[in-house]
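I want to look up a few residues and pairs and note what I find.

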Amino acid sequence: MLEICVLALAGLFASIILKKDKPEYATLIIILVSFFIAIRVLGVLGKAVEELKNWESILGGNATYISLLLKLIGITYICDFAANLCKDSGYSALSSHIELFGKIAIMVAGFPIIRIMIDMLEGIMR
């Protein structure tokens, strides 16, 4: 955790120093630091995925819910990461489009759960 904060602050300070003379380098530094942090986050998420796979026994071996949960988390993080990079680079319109895509992708990915709920309600009403 501490190394990520130090990396982020070092990138921020380097970016601030370079922003006056070479703004393109400042943006490049922020993007590189963001990718390094994202790679580190993927390592941590790998541990979370392993833990969620252990939950399969609790859910009766039904991996559908776990895979859907992981898919939704992945969509959220990737879209948030890309949208924030676009905002930081000054492309807020592109950032808004990425956020909209993420919301729609999450909605579409959640359709199987909605279908299961409808089937359950039909079963209760009969």
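**Notebook: one serine, the cysteines, the charged pairs**

I began with Ser34, which lies in helix H2, residues 23-54. I am working from a predicted model.

Is Ser34 buried or exposed? I found Ser34 at 15% relative accessibility. Ser34 counts as buried because the cut-off is under 20%. Next I asked which residues Ser34 touches, leaving out those up to four places away in sequence. I noted Phe81 and Leu85.

**Cysteines**

How many disulfides does the structure hold? I counted 0. A disulfide is a covalent bond between the sulfur atoms of two cysteines, so I looked at sulfur distances next.

I picked Cys79. Its closest cysteine sulfur is in Cys86, 11 Å away. Then I turned to Cys5. Cys5 has 36% relative accessibility, so I logged Cys5 as partly exposed.

**Salt bridges**

How many salt bridges are there? I got 3. I took them one by one.

I started with Arg40 and Glu3. Their closest N and O atoms are 2.8 Å apart. This pair links distant parts of the chain, with Arg40 in helix H2 and Glu3 in helix H1, residues 2-19. I noted a separation of 37 residues. I then checked the accessibility of both partners. Arg40 is partly exposed, at 42% relative accessible area. Glu3 is partly exposed too, at 48%.

I moved on to Glu99 and Lys87. Here the closest N and O atoms are 3.2 Å apart. Which helices does this pair link? I placed Glu99 in helix H4, residues 92-109, and Lys87 in helix H3, residues 63-88. The two residues are 12 residues apart, and I logged the pair as linking distant parts of the chain. Glu99 has a relative accessible area of 29%, so I wrote down partly exposed. Lys87 comes out at 45%, also partly exposed.

I finished with Asp119 and Arg115, whose closest N and O atoms are 3.4 Å apart. Where do Asp119 and Arg115 lie? I found both in helix H5, residues 111-125. They are 4 residues apart, about one turn of the helix. Asp119 is partly exposed at 35% relative accessibility. Arg115, at 49%, is partly exposed as well.

Technical notes. Residues are numbered from 1 along each chain as its sequence is written. This is a predicted model: local features need pLDDT of at least 70, side-chain atom pairs count only at pLDDT 80 or more; totals for chains, interfaces and linings use all residues. Side-chain values use heavy atoms; hydrogens and water are left out. A disulfide is a pair of cysteine sulfur atoms within 2.5 Å. Buried means under 20% relative accessible area, exposed over 50%, partly exposed in between (1.4 Å probe, protein chains only). Contact means heavy atoms within 4.5 Å. A salt bridge is a side-chain nitrogen of Lys or Arg within 4 Å of a carboxyl oxygen of Asp or Glu.
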